[in-house]
Amino acid sequence: MEYNIIIAPDLEGLASEVAGFLPQGWRLKGSILEHGEGFAQQLVRHTKDKLRVQQQQHQQRQPAKQRRTKWIE
């Protein structure tokens, strides 16, 4: 399991930073924390989530197979 903490000076910056990690299989853990220099959000990712995202990206890169059709005359 992997952990990541995102820190930003304002909520809008935090939201944009976190949004970049979500397509990579990261999930939100807990709530937004406020500290002296801004805001923080903890993210977590399981190994299976990381592998699933890699497999989906690999499948999207491969061209779709052409289906064979049989014509009836």
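Predicted model: local features only at pLDDT ≥ 70, side-chain atom pairs only at ≥ 80, totals over all residues.
**Figure 1. Overall fold and dimensions of the protein.** Two helices and three strands make up the secondary structure, arranged along the sequence in the pattern β-α-β-β-α. The radius of gyration is 20 Å, well over the 11 Å that the globule rule gives for 73 residues, so the protein is more spread out than a compact globule. Along the principal axes, the C-alpha atoms fill a box of roughly 75 × 25 × 15 Å. Of the 73 residues, 22% count as buried. Among contacts between residues at least 6 apart in sequence, 53% join residues at least 24 apart.

**Figure 2. Strand 3 and its burial.** Strand 3 comprises residues 38–45. This strand is mostly covered, with seven of its eight residues buried; a residue counts as buried when its relative accessible area is under 20%. Strand 3 pairs with strand 1 and also with strand 2.

**Figure 3. Pairing of strand 1 with strand 3.** Strand 1, formed by residues 2–8, runs antiparallel to strand 3, and seven bridges connect the two. One of the residue pairs in this view involves Glu-2, whose bridge partner in strand 3 is Arg-45. In a regular strand, side chains alternate between the two faces of the sheet.

**Figure 4. Hairpin of strands 2 and 3.** Strand 2 spans residues 27–35 and pairs with strand 3 in the antiparallel sense over six bridges. The two strands are joined by a hairpin through two residues. Within this view, Glu-34 stands opposite Phe-39 of strand 3.

Figure 5. The loop between helix 1 (11–21) and strand 2 contains Pro-23. With a relative accessible area of 56%, Pro-23 is exposed, because a residue is classed as exposed when this value is over 50%. Val-53 is 30 residues away from Pro-23 along the chain, and the C-alpha atoms of Pro-23 and Val-53 are separated by 7.9 Å.

Technical notes
Residues numbered from 1 in each chain as written. Heavy atoms only, no water. Helix = DSSP H or I, 4+ residues; strand = E, 2+ residues; numbered from the N terminus. Rg over C-alpha atoms; globule rule 2.2 N^0.38 Å. Buried < 20%, exposed > 50% of the residue type's maximum accessible area, 1.4 Å probe, protein only. Contact = heavy atoms within 4.5 Å. Pairing = 2+ DSSP bridges.
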